[in-house]
Amino acid sequence: MSRRVTTPADLRRGRRRTQHGCWGHLIVAPLWVAYDANLGTLQRTCDAVGACLAVPDTPHYRDAINQGNTLGRRGPCLHRVFDKDSWVRSMHSQGWCIVAVELAEGAIPLPRLQPARRPTIVLLGHEHHGVPHSMVDLADECVEIPMCGVGASLNVAVAGSLVLYRLAGLS
(Lines give C-alpha, C1' and ligand atoms only; values in the text may rest on other atoms or scores of the structure.)
Protein backbone atom coordinates (compact mmCIF):
# COMPACT_ATOMS: atom_id res chain seq x y z
CA MET A 1 0.00 0.00 0.00
CA SER A 2 1.33 3.42 -0.94
CA ARG A 3 0.85 6.28 1.51
CA ARG A 4 0.89 9.92 0.63
CA VAL A 5 3.34 11.92 2.72
CA THR A 6 1.96 15.13 4.22
CA THR A 7 3.88 18.11 2.86
CA PRO A 8 4.79 21.28 4.78
CA ALA A 9 2.27 23.15 2.60
CA ASP A 10 -0.47 20.70 3.70
CA LEU A 11 0.41 21.31 7.34
CA ARG A 12 0.42 25.10 6.96
CA ARG A 13 -3.04 25.08 5.35
CA GLY A 14 -4.49 23.35 8.39
CA ARG A 15 -3.01 25.63 11.05
CA ARG A 16 -3.68 29.06 12.41
CA ARG A 17 -2.78 32.01 10.24
CA THR A 18 -1.43 34.38 12.90
CA GLN A 19 0.18 34.34 16.32
CA HIS A 20 -2.22 32.92 18.88
CA GLY A 21 -1.73 35.63 21.47
CA CYS A 22 -2.12 34.46 25.03
CA TRP A 23 -4.21 31.32 25.24
CA GLY A 24 -3.78 31.52 28.99
CA HIS A 25 -4.05 27.87 29.98
CA LEU A 26 -0.51 26.49 29.76
CA ILE A 27 2.74 28.35 30.35
CA VAL A 28 6.23 26.86 30.41
CA ALA A 29 8.62 28.82 32.61
CA PRO A 30 12.30 27.93 32.12
CA LEU A 31 13.25 30.58 34.67
CA TRP A 32 16.65 29.23 35.67
CA VAL A 33 18.19 27.70 32.51
CA ALA A 34 21.73 28.45 31.42
CA TYR A 35 21.98 27.16 27.85
CA ASP A 36 20.59 29.34 25.06
CA ALA A 37 19.71 26.48 22.69
CA ASN A 38 17.17 25.13 25.18
CA LEU A 39 15.09 28.31 24.91
CA GLY A 40 14.80 28.15 21.12
CA THR A 41 13.71 24.53 21.31
CA LEU A 42 11.12 25.36 23.97
CA GLN A 43 9.76 28.16 21.75
CA ARG A 44 9.11 25.59 19.03
CA THR A 45 7.40 23.24 21.46
CA CYS A 46 5.21 26.06 22.82
CA ASP A 47 4.10 26.82 19.29
CA ALA A 48 3.38 23.15 18.64
CA VAL A 49 1.19 22.63 21.73
CA GLY A 50 -0.36 26.11 22.02
CA ALA A 51 1.49 27.08 25.19
CA CYS A 52 3.01 30.38 26.24
CA LEU A 53 6.63 30.89 27.28
CA ALA A 54 7.58 32.87 30.40
CA VAL A 55 11.19 34.01 30.72
CA PRO A 56 13.13 36.45 32.88
CA ASP A 57 13.59 39.89 31.36
CA THR A 58 17.39 39.79 31.27
CA PRO A 59 19.93 40.29 28.46
CA HIS A 60 20.84 36.55 28.56
CA TYR A 61 17.24 35.49 27.93
CA ARG A 62 16.46 38.27 25.42
CA ASP A 63 19.51 37.32 23.33
CA ALA A 64 18.77 33.59 23.56
CA ILE A 65 15.13 34.08 22.53
CA ASN A 66 16.10 36.29 19.60
CA GLN A 67 18.81 33.90 18.39
CA GLY A 68 16.72 30.76 18.86
CA ASN A 69 13.53 32.12 17.32
CA THR A 70 13.01 30.22 14.08
CA LEU A 71 9.31 31.12 13.96
CA GLY A 72 9.60 34.88 13.45
CA ARG A 73 6.69 37.06 14.53
CA ARG A 74 4.33 34.09 14.43
CA GLY A 75 5.94 32.40 17.40
CA PRO A 76 4.36 31.64 20.76
CA CYS A 77 3.12 34.18 23.26
CA LEU A 78 6.02 35.44 25.38
CA HIS A 79 5.67 36.65 28.98
CA ARG A 80 8.53 38.67 30.47
CA VAL A 81 9.15 37.97 34.17
CA PHE A 82 10.90 40.61 36.26
CA ASP A 83 11.11 38.79 39.64
CA LYS A 84 11.01 35.00 39.26
CA ASP A 85 9.98 33.97 42.77
CA SER A 86 7.40 36.75 43.12
CA TRP A 87 5.90 35.95 39.71
CA VAL A 88 5.51 32.24 40.52
CA ARG A 89 4.02 33.03 43.95
CA SER A 90 1.65 35.58 42.44
CA MET A 91 0.44 33.19 39.74
CA HIS A 92 -0.03 30.46 42.36
CA SER A 93 -2.11 32.80 44.54
CA GLN A 94 -4.25 33.58 41.47
CA GLY A 95 -5.15 29.89 41.19
CA TRP A 96 -2.62 28.63 38.66
CA CYS A 97 -1.42 25.07 39.17
CA ILE A 98 2.36 24.99 39.53
CA VAL A 99 4.09 21.87 38.15
CA ALA A 100 7.83 21.50 38.76
CA VAL A 101 9.78 19.13 36.54
CA GLU A 102 12.07 17.76 39.20
CA LEU A 103 13.18 14.56 40.89
CA ALA A 104 11.42 14.88 44.24
CA GLU A 105 9.70 12.73 46.81
CA GLY A 106 6.15 11.98 45.70
CA ALA A 107 6.75 13.13 42.11
CA ILE A 108 4.34 11.83 39.48
CA PRO A 109 6.02 9.65 36.84
CA LEU A 110 5.52 11.24 33.41
CA PRO A 111 3.39 8.37 32.01
CA ARG A 112 0.83 8.99 34.79
CA LEU A 113 0.65 12.76 34.28
CA GLN A 114 -2.86 13.79 33.19
CA PRO A 115 -3.67 16.69 30.81
CA ALA A 116 -4.00 20.05 32.55
CA ARG A 117 -7.55 20.74 33.71
CA ARG A 118 -6.89 24.26 34.94
CA PRO A 119 -4.38 26.98 34.04
CA THR A 120 -0.94 25.47 34.61
CA ILE A 121 2.63 26.72 34.79
CA VAL A 122 5.48 24.26 34.18
CA LEU A 123 8.67 25.20 36.02
CA LEU A 124 11.95 24.09 34.46
CA GLY A 125 15.17 24.42 36.41
CA HIS A 126 18.83 24.94 35.79
CA GLU A 127 20.54 22.21 33.79
CA HIS A 128 22.77 21.24 36.75
CA HIS A 129 20.93 22.46 39.86
CA GLY A 130 17.27 21.92 38.94
CA VAL A 131 14.30 23.93 40.21
CA PRO A 132 15.10 25.89 43.42
CA HIS A 133 13.92 24.11 46.58
CA SER A 134 11.63 27.02 47.53
CA MET A 135 9.76 26.58 44.24
CA VAL A 136 9.59 22.78 44.56
CA ASP A 137 7.99 23.30 48.00
CA LEU A 138 5.46 25.72 46.47
CA ALA A 139 4.58 23.43 43.55
CA ASP A 140 1.22 21.68 43.47
CA GLU A 141 2.83 18.73 41.66
CA CYS A 142 6.28 17.52 40.73
CA VAL A 143 6.82 15.41 37.63
CA GLU A 144 9.71 13.06 37.09
CA ILE A 145 10.69 11.47 33.82
CA PRO A 146 11.61 7.80 34.26
CA MET A 147 14.92 6.86 32.67
CA CYS A 148 16.63 3.55 31.95
CA GLY A 149 20.15 4.77 31.22
CA VAL A 150 22.94 5.98 33.46
CA GLY A 151 22.05 9.67 33.21
CA ALA A 152 20.11 11.36 36.02
CA SER A 153 18.17 13.76 33.81
CA LEU A 154 17.35 14.86 30.28
CA ASN A 155 18.20 18.10 28.54
CA VAL A 156 15.90 20.90 29.81
CA ALA A 157 14.28 21.44 26.41
CA VAL A 158 13.61 17.73 25.93
CA ALA A 159 12.20 17.29 29.44
CA GLY A 160 10.05 20.40 29.10
CA SER A 161 8.77 19.29 25.71
CA LEU A 162 7.75 15.85 26.98
CA VAL A 163 5.85 17.36 29.92
CA LEU A 164 4.16 20.01 27.76
CA TYR A 165 2.88 17.41 25.31
CA ARG A 166 1.35 15.42 28.20
CA LEU A 167 -0.21 18.47 29.86
CA ALA A 168 -1.59 19.69 26.52
CA GLY A 169 -3.24 16.28 26.04
CA LEU A 170 -1.30 15.56 22.86
CA SER A 171 0.49 12.38 23.99
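## Strands β4 and β7

Val101 has Val143 as its bridge partner in β7. Three bridges join strand β4 (residues 97-101) to strand β7 (residues 141-144), and the two run parallel. Strands here are DSSP runs of E with at least two residues, helices are runs of H or I with at least four, and both are numbered from the N terminus. Two strands pair if DSSP finds at least two bridges between them.

A word on the source: this is a predicted model, in which local features need pLDDT of at least 70 and side-chain atom pairs count only at pLDDT 80 or more, while totals for chains, interfaces and linings use all residues. Residues are numbered from 1 along each chain as its sequence is written, and side-chain values use heavy atoms, with hydrogens and water left out.

## The sheet and β1

Seven strands form an open sheet in the order β3-β2-β1-β6-β4-β7-β5, with parallel pairing. Its edge strands, β3 (78-81) and β5 (108-109), each pair on one side only.

Let's look at β1 (residues 26-29): Leu26 and Val28 point one way, Ile27 and Ala29 the other, and all are buried (under 20% relative accessible area, with a 1.4 Å probe and protein chains only). Val28 has the bridge partner Val122 in β6 and Leu53 in β2. Four bridges pair β1 with β6 (residues 120-123) in the parallel sense, and two bridges join β1 to β2 (residues 52-56), also parallel.

## Helices α2 and α6

Helix α2 (residues 36-49) packs against α6 at an angle of about 15 degrees, with the axes 9 Å apart. Axes are lines fitted to C-alpha atoms, for helices over the stretch in contact, and angles run from 0 to 180 degrees between N-to-C directions. The two helices are therefore roughly parallel to each other, a label for angles under 35 degrees. The contact (heavy atoms within 4.5 Å) includes Asn38, Thr41 and Leu42 of α2 and Gly160, Ser161 and Leu164 of α6.

## Leu167

Leu167 is found in α6 (residues 156-167). At 4% relative accessibility, Leu167 counts as buried. Not counting residues up to four places away in sequence, Leu167 touches Leu26, Leu113, Gln114, Pro115, Ala116, Thr120 and Val122. Among these, Leu26 belongs to the buried residues of β1, and Val122 is the β6 partner of Val28. The C-alpha atoms of Leu167 and Val49, 118 residues apart along the chain, are separated by 9.2 Å.

Key:
Buried means under 20% relative accessible area, exposed over 50%, partly exposed in between (1.4 Å probe, protein chains only). Angles under 35 degrees count as roughly parallel, over 145 as roughly antiparallel, 65 to 115 as roughly perpendicular and the rest as oblique.
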